[in-house]
Amino acid sequence: MKTAVCGKGGSGKSTIVTLLANEALGRDYKVLVVDSDESNSGLYRMLGFDHPPVPLMELVGGKKSLKQKMSQPSILTENHISLQDISSQHLARRDGLMLVSIGKILQPLEGCACPMGVLSREFLKKLTLKADELAIVDMEAGVEHFGRGVETSIDSVLIVVEPPLESVNVAQKIHELASGIGIKNVWAIINKVPSEEIATRLKTELRERYIEVIGCIYFDADVFRSSLEGRIPVNGVAIHEMKEVLPRILSRAGKEL
Ligand SMILES: Nc1ncnc2c1ncn2[C@@H]1O[C@H](COP(=O)(O)OP(=O)(O)OP(=O)(O)O)[C@@H](O)[C@H]1O
Ligand SMILES: [Mg+2]
C-alpha cells in the first residue's frame, strides 16, 4: 500500500506520517517513509534517525543531471524497485522503519523543484512492495505535486486538516485533484483539534464538501514538545488515537489487519 499524506503547510503532515509509521511498526509492518518534501529537512529526526539518508536525487547525478535526462522516458534504470534494491546509503533503517529522501533545495537560485517531482513520481511508480510493506509519503505542502503527477501510482491519499478554514479549502482542492486522477481512497484526518465542538464543526465543513473523515487527532502537548526537541512523540493522546485510525485506513485500503 502506498499512502500519500497531503495538506496545507503546517497542518501536521510530517507528524501524522510519524504517528502512522510508528503505529504500523507496532503491528509488524515494514514501513518505508518517503520524504518527498523538498523544503523541510527535519523528518529524519522526528522518525528517530541520527542522520538523513543521502537523497535519491544524488543517485541520478543531482538535479542538474536529472534536468538533462527529463526528456527520456525513464530516469532510473530498473522497471521495478524493491526495498532490497536500495543501498544503505540511500535507505536509512531503524528496526522495521526505513526512510528515503527524494531531494532538498539547498542552494539559492538553484531553480525550481520540478525535477524532484519527476523523481518522486518515477520512484513511487517503480516501487514494488510486498504484502507486509507499507509506504507512507510525506508530501510537500499544498497541491503543486498533483500538477507534477507525483500521485499517479498512489493508492490512498490522506489529507491532514487543521482548524483554519483555509486548511479545509486546500483539502477540498486536494480531494478534487486526487479523485480526478482516479484515486478511490481519499480521506481527511482532522488534526490539532482543541475540543469536541471544533471537531464537529470541522467534520461538518468537510462533509459539506463530500470529504470523508477517517480520523481525528486532538492537539497533543507531547507531540508539540517533541517537534521542538526533535524527537519521536512517546506518550500522549495522539498515539492512542492513531491506534484507532490506522486499522480503519488499512481495512478500507483492503489490507489485512
Ligand atoms: N496533533 C498535534 N498536536 C500538537 N501539535 C501538533 C499536532 N500535529 C502537529 N503539531 C505541531 O504542528 C507543527 C507543524 O507540524 P508538522 O511539521 O507535522 O506539519 P507539516 O504539515 O508537516 O508542516 P510543513 O508543511 O512545513 O511540512 C509542529 O510544531 C507539530 O509538533
Ligand atoms: Mg512536514
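A polar contact here is a pair of N or O atoms within 3.5 Å; within protein, one must be able to donate a hydrogen and the other to accept it, and residues adjacent in sequence count only if both atoms are side-chain atoms. This is a predicted model, where local features need pLDDT of at least 70, side-chain atom pairs count only at pLDDT 80 or more, and totals for chains, interfaces and linings use all residues. Residues are numbered from 1 along each chain as its sequence is written, chains are lettered from A and ligands numbered from 1 in the order written, and side-chain values use heavy atoms, leaving out hydrogens and water.

**View 1. Backbone atoms meet ligand 1.** A backbone N or O atom of G10 lies 2.9 Å from an oxygen atom of ligand 1. The backbone of S14 also places an N or O atom 2.9 Å from a ligand 1 oxygen, and for S11 the distance is 3.2 Å. On its own, ligand 1 has 630 Å² of accessible area (Shrake-Rupley method, 1.4 Å probe), and the protein covers 85% of this.

**View 2. The shell around ligand 1.** Look for 20 residues surrounding ligand 1 (a heavy atom within 4 Å), with K13, T15, N40, N191 and D220 the closest. They divide into 6 nonpolar, 9 polar and 5 charged.

**View 3. The largest pocket.** Ligand 1 sits in the largest pocket, meaning that more than half of its atoms lie within 2 Å of the pocket's grid points. A pocket is an open set of points on a 1 Å grid with protein on both sides within 12 Å along at least five of seven lines, and lining residues have an atom within 4 Å of a point. The volume is about 600 Å³. Of its 32 lining residues, G12, S14, T15, M46 and S227 are closest to the centre.

Terms used
On a 1 Å grid over the protein atoms alone, a cavity is a set of points where a 1.4 Å probe fits but cannot get out, and a pocket is an open set with protein on both sides within 12 Å along at least five of seven lines; lining residues have an atom within 4 Å of a point. Ala, Val, Leu, Ile, Met, Phe, Trp, Tyr, Cys and Pro count as nonpolar, Asp, Glu, Lys and Arg as charged, and the others, Gly among them, as polar. Grid points are joined across faces, edges and corners, and a volume is the space filled by probe spheres set on the points.
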